[in-house]
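Here's a walk through one protein chain, starting with the whole and then moving to a few spots worth a look. Keep the viewer open as you read.

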Amino acid sequence: MTPSRAEKRIAVADATGALRALLTKPATTSSLAAPALAKAASAALGADVAVMTGDCLLAGPAPAGPGGQRVDCANATLRWCSPQQPSSAVTTLLRQGCAWLAAALAIDAVREQAQQAGEEMNALRDVVGQLLTVRDLDQVLLSIADRTLHLLESDICGVMLVDGDEVAMKSCVGNRAVETARLRMSRGQGVAGLVFLTGEPSKVDDYLADETISHDFMSLAEKEETLSALAVPLRLQGEFIGVLEVWRRRPSVFTDRDVQRMVTLADFVTITIDNARLNDRQANAVEQLKETRDALERQVSVLKRSSSLQQKLLATVLSGVGLPAIARTVATELDCRIGIYGPEGNLVAACGGRSLTSKLPATAATRTTPGRHRVTLTDGSTATAWLQPIYADGDQVGSAAIIPAEHSAEMMDVIVGQVAMACSLTLLREHAASRARAEELEQLLWDLLQGSVEHRIAARTRAKQLNVALRGQLRVLYGRIDNLEEIAAESGWDTSQTDRVRREVLRRFRAVDTHHVVALSALRGNLITGIAVNVDRTAVKDLVGELATALRGDWPELRATWGASRAHEDVVDLPSALNEAKTALAAARRLGGENAFLYEELGIVRLLLGSGDDPDLQTFVDELTGPLVAYDRENNGALVRTLRAFFDANCSQRVAAERLFVHYKTLRYRLEQIKQLTGLDLARHEDRVRADFALRLLQVTRPLEDPEDAAAG
């Protein structure tokens with residue numbers, strides 16, 4: 001049965017009333033409001049109504065096409081298909097319905113924003129909470145990169161901090177290339193460099209195509225396949241400290257909301273970094289305080305132990321019992337092994353503590369570097385020893401070596417110094433007595449060489465009292481250090497260092513005298529003077545040669561020349577011996593050579609270099625012709641005349657024999673006798689010159705005597 005018009009009007013009125021009643025209710029959510037509005041509007045219009053927001057269908061059937069009727073308000077739309085136009089009252093209600101739905105949509109949007117804000121806040125709270133639990137700075141930076149990567153839904157994240165004029169990558173996650181973890185950017189380079197330059201956030205949507213950034217890192221971007229990037233500054237109390245940057249490998253656009261989220265996170269990040277730095281400083285301060293406390297405790301322990309040892313060492317030194325007692329004191333007090341070495345590196349005192357044997361090295365280096373060293377023991381094993389040089393009067397006179405049982409390095413550094421000091425005091429005490437004796441011996445030497453006859457005789461008596469043997473053949477050795485001043489100037493030595501080298505040369509001279517043939521020796525400036533007893537020519541040269549070898553080891557360029565006198569029987573003749581040694585030294589300096597020049601081997605040279613007051617002509621003549629004259633006198637011989645004839649015949653034995661009216665074999669026999677008596681080898685040119693010159697001087701010194709008369713007597 002078809003409803004009547006009245007019934008239709010009643011139905012429309014009821015539907016319109018239902019729509020009006022719906023609109024009086026508060027809009028809650030669009031999911032509830034849209035279906036209710038679609039139902040009420042369809043009833044009021046008598047047609048199916050589609051409820052939409054933009055192009056999105058919220059309720060009702062989908063619109064058939066672009067035709068039909070519609071009502072819009074805000075972002076809500078009602079669409080339907082009907083040939084009849086609704087009344088103005090219904091149209092008004094439909095517009096109100098759109099506004100009512102728009103209110104519901106707005107409520108949904110606000111609710112969604114609130115929910116998103118809450119979720120974001122929760123996410124930030126979670127990130128910040130996790131960051132604040134980390135204390136180590138490196139771990140903080142790694143956590144920051146990891147949390148930011150996930151919060152910004154990115155593929156790579158890096159934290160860069162200011163390093164001079166650049167920002168340097170300190171932590172990076174998600175990267176594929178090693179170069180990304182080592183990034184360093186100057187102002188204006190890349191996205192981070194742009195933030196470094198401007199101090200403002202920066203982003204790019206397509207890294208390879210963007211023209212606002214430099215192209216310095218395009219190849220790296222291709223390797224990492226990055227497309228978009230977002231970077232924000234890190235500021236701490238207004239100071240720019242770095243950049244936080246994320247990259248995405250997928251096509252995407254960082255929104256303003258992403259930027260705001262990143263900026264908010266950066267604020268928390270700077271606080272976290274500051275906290276980590278403060279924590280590191282606090283941890284370092286605590287560690288330093290602990291180390292300082294431990295160091296003070298160790299120092300107190302060292303002071304107590306070293307003070308006790310020092311008192312015992314001083315008591316040992318004052319008792320005057322020597323170096324062995326010092327070694328026993330140290331070994332007993334510290335339960336260690338100790339060796340004390342002399343200036344030549346030989347072991348002079350040792351003690352093994354509680355062990356039966358010390359097993360210390362038998363020798364040590366003459367030049368010791370203070371500190372800890374590995375040493376080889378007598379049984380072939382090695383051990384750690386503390387070495388310390390021992391000084392007395394400015395010179396190193398030995399060294400001390402200690403092998404501890406269980407003592408700290410600080411303790412041993414102090415103890416080995418105390419031991420060296422105790423040894424120095426002991427040696428200084430011994431050296432004081434030695435110095436007094438050395439000064440007395442030096443004065444004795446100069447009295448013998450330069451004193452009057454009375455002083456020389458008195459000096460001979462003093463020599464006996466000092467147990468200095470001066471009996472036998474006496475030679476004066478006279479040496480000069482030639483180029484010490486030049487070496488000192490080149491090496492930058494001061495006066496004390498130069499004097500130390502001079503004393504060391506004298507000490508080496510005495511050290512190479514292993515047979516103790518030099519009874520007295522002394523140093524004046526660069527001159528070394530000594531008196532040798534019962535030493536032949538070869539021994540003198542060997543002694544000087546050994547000294548040159550010993551000096552060459554430390555000072556390869558140092559040169560010394562030496563002269564030696566003839567052998568003399570009496571100390572009264574020592575001043576003459578000194579003059580002879582000076583003459584020999586003058587010859588050595590002029591003719592060169594490191595071996596000693598002996599006065600008796602100088603020949604004519606000694607006449608040329610002799611002093612004007614004592615030309616020594618007669619001595620020269622007597623040395624060469626004296627044995628011949630004596631032989632001729634005692635044996636009625638003719639050796640002097642034969643030698644003269646030999647030279648007059650231009651050294652021809654045949655011509656000389658004819659002139660002497662003797663057989664040439666007789667002449668040869670006489671020449672052999674001359675060689676045996678004088679040591680002259682007439683086959684050598686030098687010996688012939690000496691003999692010829694001596695014969696001529698014999699004629700000059702005895703002009704009124706014929707050589708034959710002189711020989712006859």
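Let's settle one term to begin with: a residue is called buried when its relative accessible area is under 20%, exposed when that area is over 50%, and partly exposed in between, using a 1.4 Å probe and protein chains only. On that scale, 44% of the chain's 713 residues count as buried. What you're looking at is a predicted model, where local features need pLDDT of at least 70 and side-chain atom pairs count only at pLDDT 80 or more, while totals for chains, interfaces and linings use all residues. Residues are numbered from 1 along each chain as its sequence is written, and side-chain values use heavy atoms, with hydrogens and water left out.

Now the overall build. The chain has 22 helices and 20 strands; these are DSSP runs numbered from the N terminus, with helices (H or I) of at least four residues and strands (E) of at least two. Call it a contact when heavy atoms lie within 4.5 Å. Taking contacts between residues at least 6 apart in sequence, 58% join residues at least 24 apart. The accessible surface is about 37300 Å², and carbon and sulfur atoms account for 51% of it; areas come from the Shrake-Rupley method with a 1.4 Å probe, and for residues only the protein chains shown count as cover.

Ser-228 counts as buried because its relative accessibility is 0%. Its side chain makes a polar contact with the side chain of Ser-252, at 3.1 Å. (A polar contact is a pair of N or O atoms within 3.5 Å; within protein, one must be able to donate a hydrogen and the other to accept it, and residues adjacent in sequence count only if both atoms are side-chain atoms.) Setting aside neighbours within four places in sequence, Ser-228 also touches residues including Val-204, Trp-247 and Phe-254.

Next, residues 275-306. An unreviewed UniProt entry annotates them as "coiled-coil region"; UniProt positions are given in the numbering used here, feature names are shortened, and annotations may be inferred rather than shown by experiment. In the model, this span is 100% helix and 0% strand, with its end C-alpha atoms 45 Å apart.

What about charges? The structure holds 22 salt bridges, each being a side-chain nitrogen of Lys or Arg within 4 Å of a carboxyl oxygen of Asp or Glu. One of them pairs Asp-294 with Arg-293, with the closest N and O atoms 3.2 Å apart. Asp-294 is buried because its relative accessibility is 18%, while Arg-293, at 45%, counts as partly exposed. Another joins Glu-580 to Arg-566, where the closest N and O atoms are 2.7 Å apart. Glu-580 sits in helix H15 (residues 574-591) and Arg-566 in the loop between strand E19 (560-564) and H15, so the pair ties together parts 14 residues apart in sequence. Both Glu-580 and Arg-566 are buried. Elsewhere, salt bridges that share partners link Glu-504, Arg-507, Arg-508 and Asp-554 into one network.

Finally, the surface. Leu-314, Met-421, Leu-425 and Leu-428 make a nonpolar patch of about 330 Å². Patch residues have over 30% relative accessible area and no salt bridge; like charges are joined within 9 Å, and nonpolar side chains (Val, Leu, Ile, Met, Phe, Trp, Tyr) within 5 Å. Helix H10 (residues 409-450) gives the most, with three residues. Leu-425 lies in that helix and counts as partly exposed because its relative accessibility is 35%.
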